[in-house]
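My entries are in the order in which I looked things up.

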Amino acid sequence: MGLIVLLAAYTVWLLIGTFRLRFERDVARMVFNDNTESIEQAILQAGSGADSLRAELAEAPVPPAAANAPYIVVSIAERRVWYKQGDSVLFTAPVATGSGKQMVVKGSTKVMRFETPRGRLVVQRRDSAPAWIPPDWHFQEQANKRGMGLVQMVRGSPIKLKDGSSITVQGNDVVRVGSDGSVKPLSASDGREIVADGRIVIPPFGTNQRKYPDVLGTRRLYLGDGYALHGTNNPKSVGQAVSHGCVRLRNEDIEALYNQVSVGTLVYIY
């Protein structure tokens with residue numbers, strides 16, 4: 001048994017080392033090429049790899065020390081969350097869960113399915129007043145809904161418009177530069193993205209227009225791989241299967257849960 005444990009630990013150590021070396025190699029190459037957008041993507045990919053590894057490790061038995069620790073249970077079928085200790089319910093509330101809808105990723109055969117993941121996860125981080133950084137698929141989803149095209153912004157490459165103006169990045173803002181040289185910062189929010197000549201603009205990571213406040217409500221319990229328990233700016237959606245995979249609570253409920261839960265709390269979703 002001791003040998004098996006040692007072999008498992010060594011395998012995990014090798015996996016972590018592989019993720020680290022791959023990440024350092026890719027970042028070094030992209031720094032040399034001055035490609036900051038790719039660096040940000042690499043950070044996201046490295047995080048995804050680490051989260052996937054944590055998910056594999058989460059299948060291990062619960063340590064005895066944690067046997068009586070409080071934990072979270074989410075029922076996808078009942079659309080409800082419980083915070084429990086043993087058989088005692090410390091808190092419960094209705095939730096919204098993944099819609100189960102599918103979307104084909106543009107330019108590929110990859111199909112995304114917006115489901116809440118089942119299994120055992122862990123609260124990795126607690127965030128107050130979180131901002132949502134929408135992934136690229138969000139902009140594709142919005143374009144599909146509105147029958148529009150898509151255009152991906154790249155720093156240093158302005159988007160020329162038919163009226164003689166252009167859209168570019170200045171500092172941390174996406175701005176419109178008029179034909180007369182005037183500069184106007186643009187605004188963006190969920191459902192009100194930047195539109196240019198009938199196309200939805202995908203702002204670069206790191207810009208203010210790629211950060212949507214309030215969408216995730218007032219608190220977030222981050223579970224990894226982009227999933228979380230969080231609040232909402234649409235409380236009427238709670239109790240339905242409408243999210244892109246996260247577990248959505250009313251703001252007053254996530255605040256009550258947030259105040260009781262610590263990092264490392266186990267989350268069981270079924």
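The entries below go from the whole protein to single side chains.

**Entry 1: the whole protein**

I note at the start that this is a predicted model. I looked up the secondary structure and found 4 helices and 20 strands. The protein has 270 residues, and 38% of them are buried. I then looked at contacts with a separation of 6 or more, and 60% of these are between residues 24 or more positions apart. For the accessible surface I have about 15,100 Å², with 55% of that belonging to carbon and sulfur atoms.

I went to the open sheet whose strand order is 9-15-14, and I recorded its pairing as mixed. Which strands stand at the edges? They are strand 9 (149-152) and strand 14 (195-196); each has a single partner strand, so one side of each has no neighbour in the sheet. Strand 14 and strand 15 (residues 199-202) run antiparallel and are joined by 2 bridges. Looking across that pair, I found valine 195 opposite isoleucine 200 of strand 15. Helix 3 (residues 136-146) packs on this sheet and touches strand 9, strand 14 and strand 15. I noted an angle of about 170° between the direction of helix 3 and that of strand 15.

**Entry 2: helix 4**

Which residues of helix 4 are buried? In this helix, residues 251-258, I listed Asp253, Ile254, Leu257 and Tyr258. These four cover an arc of only 135° around the axis, so they lie on the same side of helix 4. The general rule I had in mind is that an α-helix has 3.6 residues a turn, so residues three or four places apart point the same way. I then looked up what the buried residues of helix 4 pack against. The strands are strand 1 (71-75), strand 2 (80-85), strand 3 (88-94), strand 8 (125-128), strand 16 (219-224) and strand 17 (227-230).

**Entry 3: salt bridges**

How many salt bridges does the structure hold? I have 6 on record for it. As background, side chains of opposite charge can pair when their charged atoms come close.

One of the salt bridges is between the side chains of arginine 113 and glutamate 115, at 2.7 Å from N to O. Arginine 113 is partly exposed, at 41% relative accessible area. Glutamate 115 is partly exposed too, at 37%.

I next took up aspartate 127. Its salt bridge with arginine 125 has the closest N and O atoms 3.0 Å apart. Aspartate 127 also forms a salt bridge with arginine 220, where the closest N and O atoms are 2.9 Å apart. This second pair links distant parts of the chain, with aspartate 127 in strand 8 and arginine 220 in strand 16, 93 residues apart. I wrote down Arg125, Asp127 and Arg220 as a network of salt bridges.

Arginine 125 is partly exposed, at 36%.

Technical notes
Residues are numbered from 1 along each chain as its sequence is written. This is a predicted model: local features need pLDDT of at least 70, side-chain atom pairs count only at pLDDT 80 or more; totals for chains, interfaces and linings use all residues. Side-chain values use heavy atoms; hydrogens and water are left out. Two strands pair if DSSP finds at least two bridges between them. Contact means heavy atoms within 4.5 Å. Axes are lines fitted to C-alpha atoms, for helices over the stretch in contact, and angles run from 0 to 180 degrees between N-to-C directions. Buried means under 20% relative accessible area, exposed over 50%, partly exposed in between (1.4 Å probe, protein chains only). Accessible areas come from the Shrake-Rupley method with a 1.4 Å probe; for residues, only the protein chains shown count as cover. The arc is that of the directions from the helix axis to the C-beta atoms. A salt bridge is a side-chain nitrogen of Lys or Arg within 4 Å of a carboxyl oxygen of Asp or Glu.
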